[in-house]
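I opened this entry to look at one helix and its surroundings, then the nonpolar cores. My notes follow the structure.

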Amino acid sequence: MSTAVPIVLAGARGHGRWHLDNIRRLQDKGIVRLAGICELTPLSEEELPEGLVTPSGAPAQSADFGALLHSTGARIAVICTPIPTHTDLALTAAQRGVHILLEKPPAPSFAEFRRMADGVAEAGVACQIGFQSLGSHAVPAIRALMAEGAIGAIAGIGGAGAWARPEAYYRRAPWAGKRRLNGVDVIDGVLTNPLAHAVATALALGGTVRAEDVTAIETELLRANDIESDDTSCVRVTTAQDRPVVVGATLCAEDADEPYVVVHGDQGRITFWYKQDRVLLQRAGHGPEEYEYGRTDLLENLVDHLTDGTDLLVTPAATGAFMKVVEAIRLAPDPAPLPDEAWRLLPDEQRRVVPGIDGLVAAAADTLALYSELGASWALPARTKEVST
């Protein structure tokens, strides 16, 4: 008879609420047990989802992560805290032999990522990085279609994310929209955090997952909002597989839409709406074919890895290429403010929009071109960042 795996969640507010609900779902299935919550301010009874308080009582709460891991006997730590804290918290867990689900982005710099990944490997614990889209069963299905030549020779992979966020989004936490805070890297930009899945998924479909698979990166980082970081950006990754990856993203969309990645072949294309696990195959000589796939939850996969040796879906090594993109963005000049005439405020929604950006984001994914190459008057020519590993 299997025993529910004890879990500590670090960071239970904001996106952490999603993890609370997911842990409750798995707890109801008898797979895990929420043993502790690490928050600077304890959660109130009202903040705990119904069902998480078991007959044996409520989960322990403490602001001391290490002490909480020790007192609860946790086997897994789910870390959903501000980006600059990821590495130290992951190492705190690893040094206690506790396995880790680490929210994306795994770290704000490549050096911090290496410190985390090396420390985890040295401790011998399992670490899963929280790119939930890479748990989609569509990912191996698309890779199989590519490998069998369903759309011919692969020319490249695009990604598009047109989301809308109000100005208040950047006031939700001290680190929101920051590149640095108190001298520490944060790098909370559109490509590295809210639409990081578009970047990671596009890279993964092309087989560009390890740091050494990346040969060069070009970035165009801009902002309509009054923030340090970027909210309207694009990136082109040159890869060892000779499959360029271009992602356009914004949080200033006129009409927010589902983000997607698209694989371009010389005889067709495959579009993947990664939040919906939905795939559209378009190829020469065939009508369009649409598929919907299931998804493996990454926490459940981590538990399966510990109990029966199932392969982890998103190891730190499998996010090395994504972290090279984060590093290029970190090293790039600070994002350029868009000229006043390039954006407008929607008073009813208190959010800034960039007219025409929805089409530009789609065109970047469609043509594998950067904003400046697509004729955006406000886009600065890309600065190429050579990447050494």
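I began with what the buried residues of α4 pack against: α3 (86–95), β5 (99–102), β6 (127–129) and α8 (320–331). Here buried means under 20% relative accessible area, exposed over 50% and partly exposed in between, with a 1.4 Å probe and protein chains only. Helices (H or I, at least four residues) and strands (E, at least two) are DSSP runs, numbered from the N terminus.

The model is predicted, so I noted the limits: local features need pLDDT of at least 70, side-chain atom pairs count only at pLDDT 80 or more, and totals for chains, interfaces and linings use all residues. Residues are numbered from 1 along each chain as its sequence is written, and side-chain values use heavy atoms, without hydrogens and water.

I listed the buried residues of α4 next: Phe110, Phe113, Met116, Ala117 and Val120. They lie on the same side of α4 because their arc around the axis is only 125 degrees, taken from the directions from the helix axis to the C-beta atoms. On the face turned away from that buried side I found the exposed residues Ala111 and Glu122. Just after α4, Gly124 has a positive phi of about 75 degrees.

Then I turned to the cores. A nonpolar core is a set of buried Ala, Val, Leu, Ile, Met, Phe, Trp, Tyr and Cys residues joined through side-chain atoms within 4.5 Å. The largest has 101 residues, and Phe65 and Ile100 touch the most other members. Helix α6 (residues 196–205) gives the largest share of this core, 8 residues. A second, separate core of 25 residues includes Ala160, Trp273, Leu280 and Trp378.

How values were computed
Contact means heavy atoms within 4.5 Å.
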